[in-house]
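Below are my comments on the helix packing and the nonpolar cores. Please read them beside the model.

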Amino acid sequence: MIDFRYHLVSIVAVFLALAIGIVLGSTELQGTTYNFLDRTTAKLQGEYDQTRGQLTTAQAQASEGEAYAQAVEPAVLRDLLPGQRLLIVTEPGAPSSVISGITSAAADAGASVTGQIALQPTFFDTSGTSQDSLVTTTQDVARQAGITLTSTGSYQQQAIQVIASQILVKSPKSAAGQSGSSQPGSSPSGVSPSGSADQGTNAQTMLAAYAQAGFLNTTGQPATQASLVVVVTPQNVPTDGSADPLAQLLPPVVQELAGESSATVVAGSSAGSGAGSPIAVLRSNNVANQVSTVDDADLTSGQSVVIQALAISLAGGKASSRS
């Protein structure tokens, strides 16, 4: 007869066997397994320390390079764009550090920033309501200013055509460093005061209409005619792999700006660069033949290249890309 004592002994025997197995197994494998794990851990720790050291060195070198670029920028850029006027156009999310850095670099080159046009998310919204509102605003502004819409592209492209026609002007191509040899009291080189009062009023009215409709914001005096344009993009790459409206609409928008200005450069930050980013899409488009692109304008060296690219284009040089 099987009683409780039998069950108790059986259970004790099972656990005792398990304990003996664990002890024997660990004792038998202890040397080989533990030694292997120790060697693997030591190897991984060594690789980590080496990588960490390389990162520290690279960061130190980058800091030194940035400090050097900041120190020499005024000398490198001096008189590259004397008397020129620069308009900054930004897409939603454009880094403020890039905007302020380019503004400072332009001043070092002898140029002045007339103002900034910050395009809002609504401008890039392709939904029916936003599109209808943009079309209505563009048609009203064009009619009031006597502008004939020639662009057959997107509604955003038509809007930029209207905006660019009122606030941008081409200046004569000239050698870099000589493009702004204007006398004191005269208008900046290539920036004619023609249409001054009327065109300035039309430009202000136009920008106010788009701003009231929620398509853009302005700072400074962007209605003042400028001959140079820098477009600042956040270079965000969609994480879900979807098509980014900023990337898809950047080429036609830039095409209109380039068509009305003497030189146009598109700038972004290195953090957001890569396949699928607005600048990457732009570089694969034919518009890249008309504008230069710089995707590390968050660095002083990149900001200097933006100004140099403007000067090269102003002197008749070819558009190029820096990454």
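**Notes on packing**

1. Helix H2 (residues 96–108) packs against helix H9 (residues 300–314) at an angle of about 55°, with their axes 9 Å apart. Helices here are DSSP runs of H or I with at least four residues.

2. The model is predicted: local features need pLDDT of at least 70 and side-chain atom pairs pLDDT 80 or more, while totals for chains, interfaces and linings use all residues. Numbering starts from 1 along each chain as its sequence is written, and side-chain values use heavy atoms, without hydrogens and water.

3. On the H2 side, Ser97, Gly101, Ile102, Ala105 and Ala106 meet Gln303, Val306 and Ile307 of H9 (contact: heavy atoms within 4.5 Å). By class, this contact has 5 nonpolar, 3 polar and no charged residues, with Gly counted as polar.

4. Helix H5 (residues 155–167) and helix H7 (residues 245–260) pack at about 20°, axes 9 Å apart. H5 and H7 are therefore roughly parallel to each other. Their contact has 6 nonpolar, 5 polar and 2 charged residues.

5. In the largest nonpolar core, of 39 residues, Phe123, Ile163, Tyr210 and Leu257 touch the most other members. Such a core joins buried nonpolar residues through side-chain atoms within 4.5 Å, buried being under 20% relative accessible area with a 1.4 Å probe. H7 gives the most to this core, with 7 residues.

6. A second, separate core has 28 residues, among them Leu80, Val230, Val265 and Val294.

Conventions. Axes are lines fitted to C-alpha atoms, for helices over the stretch in contact, and angles run from 0 to 180 degrees between N-to-C directions. Helices (H or I, at least four residues) and strands (E, at least two) are DSSP runs, numbered from the N terminus. Angles under 35 degrees count as roughly parallel, over 145 as roughly antiparallel, 65 to 115 as roughly perpendicular and the rest as oblique. Buried means under 20% relative accessible area, exposed over 50%, partly exposed in between (1.4 Å probe, protein chains only).
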